[in-house]
Amino acid sequence: MGNLCTCFSPKTPVKTKKPTKRLQGNPQTAPNSSNRWTRIRSTRKEFKDNHDELIREQALAAAIMFRQHQQQNGSASGSFPFDRSVSLRYPNGSGSKKTQLPRSSSSRARSLTDPLLQPHQLVNQDIKLDDLETNHFVLVHGGGFGAWCWYKTIALLEEGGFKVTAVDLTGSGIHSSDTNGITSLSQYVKPLTDFLDKLADGDKTILVGHDFGGACISYAMELFPHKVSKAIFVAAAMLTNGQSTLDMFSQKAGSSDLMQQAQLFVYANGNNHPPTAINLDKSLFRDLLFNQSPGKDVALASVSIRPIPFAPVLEKLTLSELKYGTVRRFYIQTPEDNAIPITLQESMINSSPPEKVFLLKGADHSPFFSKPQALHKLLVEISKIPST
């Protein structure tokens with residue numbers, strides 16, 4: 001994550017919210033308790049069915065991902081980016097209700113503003129994909145994350161007929177490179193720039209960048225402005241010309257003790273040389289990155305997040321009005337974010353105003369986990385915004 005380099009800023013504690021406990025109903029303490037309890041049990045059964053269906057889909061996606069990973073490791077180099085858009089296509093009627101997996105043990109109460117729905121219920125029926133400038137989303141993860149973090153977003157978008165590509169940047173996800181060997185931003189974003197370079201002339205994409213992925217899509221926009229219809233920054237580093245990610249986040253009035261505590265620098269070249277990567281203390285994951293996210297997604301992240309390369313966050317971007325400046329930009333704010341606080345997001349927006357700003361209420365730093373349905377709706381809405 002780009003903001004992980006704010007270790008040089010003064011410490012300021014960040015308040016975190018306590019998890020909400022689920023309230024248990026008592027059918028014997030209210031009038032008409034029999035009918036009410038019947039409704040409660042019916043609602044819980046519907047929730048369980050929907051919840052179990054989602055877990056089955058996740059398990060299927062993980063199985064396919066593992067199989068393709070094995071096939072990929074059989075190649076000569078094993079360093080090609082992995083396209084999750086293939087791994088997350090689910091056949092109709094997959095799985096049997098007789099073999100349901102156990103429900104998540106997470107005690108987090110599901111937000112009423114982001115209900116658990118099936119993907120086909122979330123896609124606007126009036127969308128005409130042929131009328132869009134492009135229906136191809138390219139999802140770019142943040143520092144330490146990988147293409148795996150978009151699994152819910154991929155499923156929802158593909159159910160709506162969109163084309164989706166999620167890349168693993170160098171040394172991320174299942175990309176085989178050693179993070180400590182990454183010495184430049186161009187090396188780090190090569191899987192993304194290679195993908196855009198191979199697109200046919202006339203093909204356009206909607207780039208979506210999360211966290212440090214915002215700097216990565218900005219770099220790609222400067223190289224391939226004619227292949228990017230829109231750029232969407234999701235709780236992301238949105239830099240100006242001549243800035244590095246470190247520069248932007250060092251402007252913060254104060255860095256949280258939580259952020260500084262979570263950073264574990266790696267000195268692969270020796271203590272007398274600059275850090276080569278940053279690890280995160282997994283005991284602080286939830287409070288820092290996933291304070292509103294389900295427990296099962298925190299568990300997924302804890303076994304999937306890799307070190308963040310240090311050199312790319314030091315590199316200053318060259319962004320011109322003739323290239324980067326011609327791409328339409330949109331920003332999605334995450335108000336419950338403890339990693340990139342809303343005040344820092346607003347500072348970036350004010351420094352380089354995008355075309356439109358959206359507020360994703362209740363979202364933490366990882367809205368693809370904490371608010372997947374609401375995030376999906378915003379992505380679709382942005383894809384429909386016509387040229388002015």
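Here is a friendly chat about how some labels on this predicted model were reached.

Me: What should I know about the model and the numbering first?
Reply: The model is predicted, so local features need pLDDT of at least 70 and side-chain atom pairs count only at pLDDT 80 or more, while totals for chains, interfaces and linings use all residues. Residues are numbered from 1 along each chain as its sequence is written, and side-chain values use heavy atoms, leaving out hydrogens and water.

Me: How many helices and strands does the protein have?
Reply: There are 15 helices and nine strands. Helices (H or I, at least four residues) and strands (E, at least two) are DSSP runs, numbered from the N terminus.

Me: Why is Met259 called buried?
Reply: Buried means under 20% relative accessible area, exposed over 50%, and partly exposed in between, with a 1.4 Å probe and protein chains only. Met259 has 2% relative accessibility, so Met259 counts as buried. You will find Met259 in helix 9 (residues 257-262).

Me: And what makes Ser352 buried?
Reply: Its relative accessibility is 10%, so Ser352 counts as buried. Ser352 sits in the loop between helix 13 and strand 9. Setting aside neighbours within four places in sequence, Ser352 is in contact (heavy atoms within 4.5 Å) with Met238, Thr240 and Arg329. Across the protein, buried residues make up 52% of the 388 residues.

Me: How do you know that the buried residues of helix 13 lie on the same side?
Reply: In helix 13 (residues 342-351), the buried residues are Leu344, Gln345, Met348 and Ile349. They cover an arc of only 145 degrees around the axis, which puts them on the same side of helix 13. The arc is that of the directions from the helix axis to the C-beta atoms. As background, an α-helix has 3.6 residues a turn, so residues three or four places apart point the same way.

Me: Which residues make the contact between helix 6 and helix 7, and how do the axes cross?
Reply: The axes of helix 6 (residues 190-198) and helix 7 (residues 213-223) come within 10 Å and cross at roughly 35 degrees. Axes are lines fitted to C-alpha atoms, for helices over the stretch in contact, and angles run from 0 to 180 degrees between N-to-C directions. Leu192, Thr193 and Leu196 of helix 6 meet Cys216, Ile217, Tyr219, Ala220 and Leu223 of helix 7.

Me: Why is the pair of Phe285 and Phe290 called edge-to-face?
Reply: Rings of Phe, Tyr and Trp (its six-membered ring) pair if their centres lie within 6.5 Å; planes under 30 degrees apart count as stacked, over 60 as edge-to-face and the rest as tilted. Phe285 and Phe290 have 6.1 Å centre to centre and 75 degrees between the planes, so the pair is edge-to-face. Both Phe285 and Phe290 are buried.

Me: And what makes the pair of Phe290 and Phe369 tilted?
Reply: This pair has 6.0 Å centre to centre and 40 degrees between the planes, so the label is tilted. The pair links distant parts of the chain, with Phe290 in the loop between helix 10 (285-289) and helix 11 (295-302) and Phe369 in helix 14 (residues 367-370), 79 residues apart.
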